[in-house]
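Visitor: I'd like to learn how to read helix packing and nonpolar cores in a model. Could you walk me through one?

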Amino acid sequence: VLERRSFNVDYFLGRSLLELRRFSEAVPPLARAVELSPSAMPAYAYLSRAQAGAGRAQEALSTAERGLRMAPGNAELHQMKGRILLGAGNLAAARTSLERARGLDPQNALVRVDLAALYRSQGQLEAALHQAEEAVRLAPDAVEAQVARGLALGAQGREDAAADAFRAALRIGPDDPDALFFLGSVELRSGRPEAAKPLLERLLGKAP
């Protein structure tokens, strides 16, 4: 009972810190949670996310792979592995992991977001837009889905439509750093610095 209580305390503390984007602080309690309950697969996924956010990509990859050795059909861990590999520029391996995650959990909008980023990186712009639009369909209130759609549209040169997607993201999450940055960038490229300035000032205030 004491061990379970310790797991719960560490697990939920780590998750709370992760939601606040305090990645480095989230790592120790989540690492303890994994050690206390090695069969708790969500703890591996959260620990991997925390390590990646703290800039410890190799540790994050090792954590995801450790979890996958015990649960090879875990979609969340395949997604996390793919996301890390994508960030490292290993596009072929990232594609294998992310498409595996999509096959295991086709209703997961965030897998579609990651696939949209992957396909953009590979120059498959129509495929990227399709995945982003699927993400929006599956989770219309997810900021990440709207941002992914904006990036896919922007990659096709459809700046006005991209701006609309970023504005939709900001209606959901007014302080989202990515939406603020990318909408500000679109406004600057469109020759509207007066529209970009308050967005970028807000960005600096929220994510200096």
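This is a predicted model: local features need pLDDT of at least 70, side-chain atom pairs count only at pLDDT 80 or more; totals for chains, interfaces and linings use all residues.

Visitor: Which residues of α3 and α4 meet?

Guide: From α3 come M41, Y44, L47, S48, Q51 and A52, and from α4 come A57, E59, A60, T63, A64, R66, G67 and M70. The residues of this contact between α3 and α4 divide into eight nonpolar, four polar and two charged.

Visitor: At what angle do α3 and helix α5 pack?

Guide: Helix α5 covers residues 75-87, and α3 packs with α5 at about 15°, with the axes 9 Å apart. An angle under 35 degrees counts as roughly parallel, so α3 and α5 are roughly parallel to each other. The crossing of α3 and α5 is left-handed.

Visitor: And which residues make the contact of α3 with α5?

Guide: On the α3 side they are M41, Y44, A45, S48, R49 and A52, meeting E76, L77, M80 and I84 of α5. Sorted by type, the residues of the contact of α3 with α5 are seven nonpolar, one polar and two charged.

Visitor: Now the cores. How many residues has the largest nonpolar core?

Guide: The largest nonpolar core has 41 residues, and those with the most contacts inside it are L115, L118, A145, V147, F166, L170 and L183. Apart from it lies another core of 21 residues, including F7, A33, V34 and A71.

Visitor: What is L118 in contact with, beyond its neighbours within four places in sequence?

Guide: L118 is in contact with L86, L91, A94, R95 and L98.

Visitor: R95 is on that list. Where is the place of R95?

Guide: R95 sits in helix α6, residues 91-104. Leaving out residues up to four places away in sequence, R95 touches L118, Y119, Q122 and Q124. R95 and R83 are twelve residues apart in sequence, and their C-alpha atoms are 9.2 Å apart in space.

Visitor: How should I class the exposure of R95?

Guide: Buried means under 20% relative accessible area and exposed means over 50%. R95 has 25%, so R95 is partly exposed.

Terms used
Residues are numbered from 1 along each chain as its sequence is written. Side-chain values use heavy atoms; hydrogens and water are left out. Contact means heavy atoms within 4.5 Å. Helices (H or I, at least four residues) and strands (E, at least two) are DSSP runs, numbered from the N terminus. Ala, Val, Leu, Ile, Met, Phe, Trp, Tyr, Cys and Pro count as nonpolar, Asp, Glu, Lys and Arg as charged, and the others, Gly among them, as polar. Axes are lines fitted to C-alpha atoms, for helices over the stretch in contact, and angles run from 0 to 180 degrees between N-to-C directions. Angles under 35 degrees count as roughly parallel, over 145 as roughly antiparallel, 65 to 115 as roughly perpendicular and the rest as oblique. A crossing is left-handed if the near helix is turned anticlockwise from the far one by less than a right angle, and right-handed if clockwise. A nonpolar core is a set of buried Ala, Val, Leu, Ile, Met, Phe, Trp, Tyr and Cys residues joined through side-chain atoms within 4.5 Å. Buried means under 20% relative accessible area, exposed over 50%, partly exposed in between (1.4 Å probe, protein chains only).
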